[in-house]
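Here's a quick tour of a protein model, written for someone new to reading structures. Keep the picture open as you go.

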Amino acid sequence: MLVEATNLAKSFGERTLFSAANFKIEASDKIGIIGANGCGKTTLFNIISGVEEPSEGGIVKAKGTSIGFLSQFAC
C-alpha cells in the first residue's frame, strides 16, 4: 500500500465535495480521476499530497513515499 484514505471528507462551509471516501493505492496501480468541474478532483489531490487538510478522515502514506503533481495553473 502506497496511499490509503480512510473516511475522507472535505467541505467548504455548507458545500460538501466528498464524504466517507475510502481507497487504497498499491504500487502496481494505475488510476485516473474523472469528474465534472468543481466536484473536488484537485482538492482530493491537494489532500493526498499534504497541501490541504481534509475536513474529516485521513491519509496514510507508506514510509518513503513522496507525492508530486503538476498544478493545473501556471505560476
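## Ground rules

Helices (H or I, at least four residues) and strands (E, at least two) are DSSP runs, numbered from the N terminus. This is a predicted model, where local features need pLDDT of at least 70, side-chain atom pairs count only at pLDDT 80 or more, and totals for chains, interfaces and linings use all residues. Residues are numbered from 1 along each chain as its sequence is written, and side-chain values use heavy atoms, leaving out hydrogens and water.

## The sheet

Let's start with the strands. Three of them make an open, antiparallel sheet in the order E2-E1-E3. At its edges sit E2 (15–25) and E3, each pairing on one side only (pairing takes at least two DSSP bridges between two strands). Strand E1 (residues 3–12) is joined to E3 by five bridges, and Glu4 faces Val60 in E3.

Helix H1 (residues 41–49) lies across E1, E2 and E3, at about 130 degrees to E1. Here, axes are lines fitted to C-alpha atoms, for helices over the stretch in contact, and angles run from 0 to 180 degrees between N-to-C directions.

Thr43 belongs to helix H1. Is Thr43 buried or exposed? Thr43 is buried, because its relative accessible area is 12% (buried is under 20%, exposed over 50%, partly exposed in between, with a 1.4 Å probe and protein chains only). Setting aside neighbours within four places in sequence, Thr43 is in contact with Lys10, Phe12, Leu17 and Glu52; contact means heavy atoms within 4.5 Å.

## Phe69

Phe69 comes in the segment after strand E3 (56–61). Phe69 counts as partly exposed because its relative accessibility is 40%.
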